[in-house]
Amino acid sequence: MKVNRSSLLVFQASMLLLWCSSACKGLEPTIPMKAMDVAKEVKSPPEPIIYEDPILDEEEFSAVAYVAPAKIGSDELVSFQLRGIPLGIAIHMIADQAGVNIYLDSSLDREVDAAFPSVTINDALHALLSRNGLRLMEEPEGIYWVEPSDGSEAETARFRVQSIDAGSIVEDLEALVSDGASLVVNAEQNLILVDGTSRDVNLVATYLESVDRLKRQVLLEVELIEFSLDEEFELGFANLITDGDIGGPNLLSLAQALTTGNGEFSLTLDNSDIPLISTLTALEQYIGVNVLSSPRVLVTTKSAATVEVVTEVPYVQATITSTIGDGTAGASTTEEIEFKEVGLKMIVTPTVQEGGMVEITVDQVFSNVIEFFQGVPVIDSRNLATVMLVENQCTAVIGGLIENSIAETDTGVPWLMNVPLVGRIFRSDDDAAKKRQLLVFITPRIVSSKSSSRVSEQYQKNFRDSVKAAGLTPAGDL
């Protein structure tokens, strides 16, 4: 026997009205006539919902584009007391408060006991539905109904990712959805289509909401500074210890690291009270300070930044070519100018951690010319690799690149000090040991996506101002 679905729906709605009038004693929630009219026209079960992707603000930090299940009401906070009444009546009370049309099956007669003293209408309804294994749907627009939600319902959803490459997460998505689900990924448009169960869609939505986020950016302020240490530094350091207020704890920590051990060290400086520039200025009173370079690099988290301060050393490369033929032998020499790079090459990779901490991975190579062999420079290279955890806007200091030298100084009476044999009577020979230490100062500053462009513009302006102050013409002004 065939049962007309439209008649059945009308009959169920009529029975619900009669039951409510006898059981609720004055509450009398009713189905709006518009809902009744539309219900008569329903001929088949609703099609699966397609999740449309709204156009999001480009500055939103989370760029996952998907639409949650149907929403009703405004963001105004209201109060509901739903104690000891059937679930269907409770849902109708919330729908009446929101002023929406809603259709319910007559089977929703289980009793609920809920109190919402301060909540939005939408949150109250979805809390009530989720606790009872239901979800709210909208089909057609303006008509709401509920259906069981155990994760096995057929559902189709479309997502557009904004901050990651959709093609790079295909394997992750395939591992999330069930075997019977269909997954389509368009890497060029960054579109993802999921056709499966409600559980498949929810898993993909949750995953994308977690990974489709703008990467944090870090401004790396790097100072490459060469310190010249001599025997007089020991006396200056003793005075520094007795008057520690001159440069504060940062200066004491830095001075102690420079004078103890083999020079290989790493430490962090807290710049909240005393800026780094003040610490370096105070240290200049005791040792020679030579700033080699002060690069600034803006990178995303877990991306490598390369800093190079190198000099090309020229030398002559001679190539001898021998020729033998027709009983004669000859040779020709070709000379070319070649170059070898010496200096500092450094790769810095910042990783933003929780609580404003930044993990800094540093891999650096320092090279210099120690001698020439037959006109070819002999290069001495030293590697240093370390990983440090630094608080945002604090400074990591890395030392260990040392060059020792002995300076011979002759003082005495002019002319007479250079007379053979007796000249030593009129002069004194002093051999002073000097040590050059190259220190790397790295200060990470976490930069938001909104302020990164302003930071870049500010550094460009500072660079142009410094070029003009040197009497040069910036390229943009030509």
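Good morning. The model is a predicted one, in which local features need pLDDT of at least 70 and side-chain atom pairs count only at pLDDT 80 or more, while totals for chains, interfaces and linings use all residues. Residues are numbered from 1 along each chain as its sequence is written, and side-chain values use heavy atoms, with hydrogens and water left out.

I begin with the helices. Helices (H or I, at least four residues) and strands (E, at least two) are DSSP runs numbered from the N terminus. The axes of helix H3, residues 87–98, and helix H4, residues 121–131, come within 10 Å and cross at roughly 165°. Such axes are lines fitted to C-alpha atoms, for helices over the stretch in contact, with angles from 0 to 180 degrees between N-to-C directions. That crossing makes H3 roughly antiparallel to H4, a term for angles over 145 degrees.

Which residues of H3 meet H4? Contact means heavy atoms within 4.5 Å, and the H3 residues are Leu87, Ala90, Ile91, Ile94, Gln97 and Ala98. On the H4 side they meet Ile121, Ala124, Leu125, Leu128 and Leu129.

I turn to the strands. An open sheet of three strands has the order S3-S6-S5, with mixed pairing; two strands pair if DSSP finds at least two bridges between them. Strand S3 (101–103) and strand S5 (134–138) are at the edges with a single partner strand each, so one side of each has no neighbour in the sheet. From one strand to the next, the twist averages 30°. S5 pairs with strand S6, residues 143–148, in the antiparallel sense over five bridges. Met137 has Trp145 in S6 as its bridge partner.

Next come the aromatic rings. Rings of Phe, Tyr and Trp (its six-membered ring) pair if their centres lie within 6.5 Å; planes under 30 degrees apart are stacked, over 60 edge-to-face, and the rest tilted. The count is one aromatic pair. The ring centres of Phe227 and Phe441 are 6.4 Å apart and their planes at 55°, so this pair is tilted.

Finally, Ile370 lies in strand S16, residues 357–373. Leaving aside neighbours within four places in sequence, Ile370 is in contact with Val378 and Asp380.

Terms used:
Parallel < 35°, antiparallel > 145°, perpendicular 65-115°, else oblique.
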